[in-house]
Amino acid sequence: MKYNQFLVWNARGLNSRARRTAVRDIVVQEHVSVVCLQKTKVDDFYVSMINELMGPDFDYCFLPSDGVSRGVLIGWHRDLWRGSNSTITVFSVTVLLTPIDGADVVECWLTSVYGPTDHSLKEGFLMELKSLAPSCLGAWLICGDFNLIYQAQDKNNDRLNRRLMQRFRCTIDALQLAELHLTGRIYT
């Protein structure tokens, strides 16, 4: 059975066993090989917690939470991926994933983000994303919770910060990113 699915989930806290079990159930059911969890609210991940979340066959790197906010975890199935060159910044975790059996999957950089909710930190977050680009040569996937929008239709009310929307759009353009559209859900 081939594991080739990526799971990206705003976990909203992984301190309870029930939440870790919910993640593990999806990892097993969907044959997930790469897991990106944001808003983990976990200061430190232990092997036993990782086993509860993904199983014993996963390696990982993480950004600790800041009190009861933030926290990012990337895990990869070690029989399918080799993770290297990990970088942990204020708002993100980046790792180079190389397929063990490179037959039909390419090596890629993976960055999982949890952007700030505080408007005064958003400029720094966007600068941080731009600063990652020179070291992420080749295929690069950025996923997670940006806590920003770049188009009005992504907002559920009419209170728009057009300046931040424009800055986010400029960052997307500067990094030459393309949005992956998600079917059956509201946000990607």
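Two strands pair if DSSP finds at least two bridges between them. The close-up views below are taken from a predicted model.

View 1. Strand β7 spans residues 108-114. On one side, β7 pairs with strand β6 (residues 92-99) in the antiparallel sense, over 6 bridges. Within β7, Cys 108 stands opposite Leu 97. Strand β8 (residues 140-145) also pairs with β7, here in the parallel sense and over 6 bridges. Ser 112 has Cys 143 of β8 as its bridge partner.

**View 2. The two faces of strand β7.** The strand is mostly covered, with 7 of its 7 residues buried. One side carries Cys 108, Leu 110, Ser 112 and Tyr 114, and the other carries Trp 109, Thr 111 and Val 113.

**View 3. Packing of helix α3 against helix α4.** Helix α3 comprises residues 122-132, and α4 comprises residues 162-174. The axes of the two helices come within 10 Å and cross at roughly 5 degrees. Because angles under 35 degrees count as roughly parallel, α3 is described as roughly parallel to α4. From α3, the contact is made by Lys 122, Glu 123, Leu 126 and Lys 130. From α4, Arg 163, Leu 164, Arg 167, Phe 168, Thr 171 and Ala 174 take part. By residue class, this contact of α3 with α4 divides into 4 nonpolar, 1 polar and 5 charged residues.

**View 4. Gln 176, in the segment after helix α4.** Gln 176 is found in the segment that comes after α4. Its relative accessibility is 73%, so Gln 176 counts as exposed. The C-alpha atom of Gln 176 is separated by 9.9 Å from that of Ala 133, and the two residues are 43 residues apart along the chain.

View 5. Cys 61 is in no disulfide, and the nearest cysteine sulfur, that of Cys 36, is 9.3 Å away. A disulfide would require a pair of cysteine sulfur atoms within 2.5 Å. Cys 61 has a relative accessibility of 8% and therefore counts as buried. Cys 170, at 38% relative accessibility, counts as partly exposed.

Technical notes. Residues are numbered from 1 along each chain as its sequence is written. This is a predicted model: local features need pLDDT of at least 70, side-chain atom pairs count only at pLDDT 80 or more; totals for chains, interfaces and linings use all residues. Side-chain values use heavy atoms; hydrogens and water are left out. Helices (H or I, at least four residues) and strands (E, at least two) are DSSP runs, numbered from the N terminus. Buried means under 20% relative accessible area, exposed over 50%, partly exposed in between (1.4 Å probe, protein chains only). Axes are lines fitted to C-alpha atoms, for helices over the stretch in contact, and angles run from 0 to 180 degrees between N-to-C directions. Angles under 35 degrees count as roughly parallel, over 145 as roughly antiparallel, 65 to 115 as roughly perpendicular and the rest as oblique. Contact means heavy atoms within 4.5 Å. Ala, Val, Leu, Ile, Met, Phe, Trp, Tyr, Cys and Pro count as nonpolar, Asp, Glu, Lys and Arg as charged, and the others, Gly among them, as polar.
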